[in-house]
Amino acid sequence: MDAVFWSRLQFAVTAGYHWLFVPLTLGLALVMAVMETLYVVKGDEFWKKTAKFWMKLFAINFAVGIATGIILEFEFGTNWSNYSWFVGDIFGAPLAIEGILAFFMEATFFAVMFFGWEKVSKRFHLISTWLTGIGASISAYWILVANGWMQNPVGTAFNPETVRSEMASVEAFFEVITNPVAVSKFFHSVTSGWITGGVFVVGISCWYLLRGREKKFATASALVGGAVGLVGAGAVMLSGDISGIHAAEFQPMKLAAAEGLENGGRRVPLSIVPGIEVPGMLSVLATHDIDGYVPGINDIINGYTDGDGNVVPSVAQKMEMGKKALAALAEFRKLKDTDPAAAAQARSVLEENMQYMGYGYLNSPEDVVPPVWIVYWAFRVMVGLGMFLALLLAAAVWYAYKKNLYSKRWLLWVAMLSIPLVYLCGQAGWIVAEVGRQPWTIQGLLPVNVAISNVSVAAVKTTFFLFLAIFALFLVIEIRIMIGAIKKGPEVEPEN
C-alpha cells in the first residue's frame, strides 16, 4: 500500500502541476484570437500589438505545459504498468491520436502564429492563431476521451486470452470517443480554461491600471478577457449541470461523497455547508426531477432499488461476483490449451460476472468509499470560487465597457489578487473528479492497488521528490519570465 500511496501522490502532483498550464493555454488562445480578429476586421494596429503581448505570455505558458504533459504520460508506463497493460488498446488510441493529430497541429500553427507576423498575410496569420487554439482544444478532447473512459468504461470487450480490454469494432471506437462523460468533461474543462484566461487577463490588466500604465491597453484587454471569461462561466454552469447528471448515473458514489450524503432517497436536499441545506435540490440537480431518487453512501454499500425500480446489488454481492470472475479467469487460462470444454465453461462464468470483476480485488465493502471530506470540501471550493469569479468578471466587463474601470480601485485590487483563486478553483474541480472515483483507476474494473507497477517504494519516493524539485524550479522560472514580460509591458503607443 505504500507503493500505491506514493505512486498516486506522484501522479497527483504531476497532473495538478500540469493543470496549472493547460487552462491558461486554452483561455489565452481564445483571448488573443479574438483580439487579432479585431485587428484584421478594424485594421487598427493597437489590436495587433495588444494581441502580440498576450501571445508572448501564451508562448511562455505553452512551453512549460508541454514539458509537464510529457512527464505525465511517461508515468503511465513507469508507475502504472498493470493499468497500461490492461487498457493499452483503448487508452492508448486517443493518446496516440492526440500526439499525432492535435499536438502536431497546434505546434505547426503555433510556429506560424508566433514567428510569422511579417512573413504571411494578415488573414493567414489570423487563421493560424485560431487553429493554434483549436488544436489545443482538440488535444484536450482526446486526452479527456481517455480520462472519460476511465470514469465510464464504454465500448470495451475484455479478452481473457490476453487479459486486456480491447475495442472489438469500429462501432466500439466511436462509442469510446462519444462517451457522454468524456464529452461533458471536455466542455467543462475547456470552458473553465476560458474562465482562467479571462481572470488572468483581467487581473494583469488591473495591475497596469493600479500603476497608471497603458490605460487604453489595460481597459481593452480587461473588456475582451472578461467577456471571454464570462462566456466560459455560463458554459461551465451548463456543462457542470450535465456532469452532475452523469455522476448520478455512472458514479453515484462520487456524487454521494461530494454531498456527504450518507442515506439517500427522494427529494434529497442539497448541502450548502454542514447544517445548511436546500430541500429537494440535490434530486433536481442529479435527476432534473424533485422526486428523483439519489442513493447515499450507505445505500450504495448495502444495495438499493433505484428510481426506475432496478435492484442494484450491495458491494458485498459485487465482491462475491468479482471473485467468481477472477477465479473463472484463472481457470480459463489454466485449461484453455488442455481442456477446451472446461475452459469454455469458465469463460461463460467470467462473462456472466465480468462487470464486477474489479470488486473481486477489494478487501471490504467500505473500500469503495472515497475520502468524503476531501471531495465534499473540494466541491464547495470549486462552486463557491466559480460563482465569485463569475461575478468578478461581470463587474470587470461592465466597468471596462463604461470606460471607468480605472476609477474602481477596490475592483482592481480584487481582480489582481483573484488570479491565484482561479487556479485553486480548477484544482478543486479535478480533485472532485479524480479523488471522488477512488479506489478505481477504471470505474468498477480495476482498483488502484492492482494497477500499479512492480516498483519499490524507495524508487517511487526518490522520483517523487526529484519531480517535485524540478516542477518547483520550472514554476519559479516561468513566473519570473512572466513577471519580466508583464513589467516590460506591451509595445503600444505611449498615451498622452
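This is a predicted model: local features need pLDDT of at least 70, side-chain atom pairs count only at pLDDT 80 or more; totals for chains, interfaces and linings use all residues.

Colleague: How are helix 7 and helix 8 oriented, roughly parallel or roughly antiparallel?

Modeller: The axes of helix 7 (residues 180–210) and helix 8 (residues 215–250) come within 6 Å and cross at roughly 155°. An angle over 145 degrees counts as roughly antiparallel. Therefore helix 7 is, relative to helix 8, roughly antiparallel.

Colleague: How many charged residues are in the contact of helix 7 with helix 8?

Modeller: The two helices make a left-handed crossing. By class, their contact has 19 nonpolar and 16 polar residues. The charged count is one.

Colleague: What is the orientation of helix 1 relative to helix 3?

Modeller: Helix 1 (residues 2–18) packs on helix 3 (residues 45–78) with the axes 9 Å apart and an angle of about 155°. The cut-off for this class is over 145 degrees. So helix 1 and helix 3 are roughly antiparallel.

Colleague: Which residues in helix 1 meet helix 3?

Modeller: On the helix 3 side, the residues include Val-64, Leu-72 and Phe-76. By class, this contact has seven nonpolar, six polar and one charged residues. From helix 1 come Gln-10, Phe-11, Thr-14, Ala-15, Tyr-17 and His-18.

Colleague: Does Glu-214 count as buried or exposed, and why?

Modeller: Glu-214 sits in the loop between helix 7 and helix 8. Its relative accessibility is 19%, and buried means under 20%. Glu-214 therefore counts as buried.

Colleague: Which side chain makes a polar contact with the side chain of Glu-214?

Modeller: The contact joins two side chains at 3.1 Å. The partner of Glu-214 is Arg-213.

Terms used
Residues are numbered from 1 along each chain as its sequence is written. Side-chain values use heavy atoms; hydrogens and water are left out. Axes are lines fitted to C-alpha atoms, for helices over the stretch in contact, and angles run from 0 to 180 degrees between N-to-C directions. Helices (H or I, at least four residues) and strands (E, at least two) are DSSP runs, numbered from the N terminus. Angles under 35 degrees count as roughly parallel, over 145 as roughly antiparallel, 65 to 115 as roughly perpendicular and the rest as oblique. A crossing is left-handed if the near helix is turned anticlockwise from the far one by less than a right angle, and right-handed if clockwise. Ala, Val, Leu, Ile, Met, Phe, Trp, Tyr, Cys and Pro count as nonpolar, Asp, Glu, Lys and Arg as charged, and the others, Gly among them, as polar. Contact means heavy atoms within 4.5 Å. Buried means under 20% relative accessible area, exposed over 50%, partly exposed in between (1.4 Å probe, protein chains only). A polar contact is a pair of N or O atoms within 3.5 Å; within protein, one must be able to donate a hydrogen and the other to accept it, and residues adjacent in sequence count only if both atoms are side-chain atoms.
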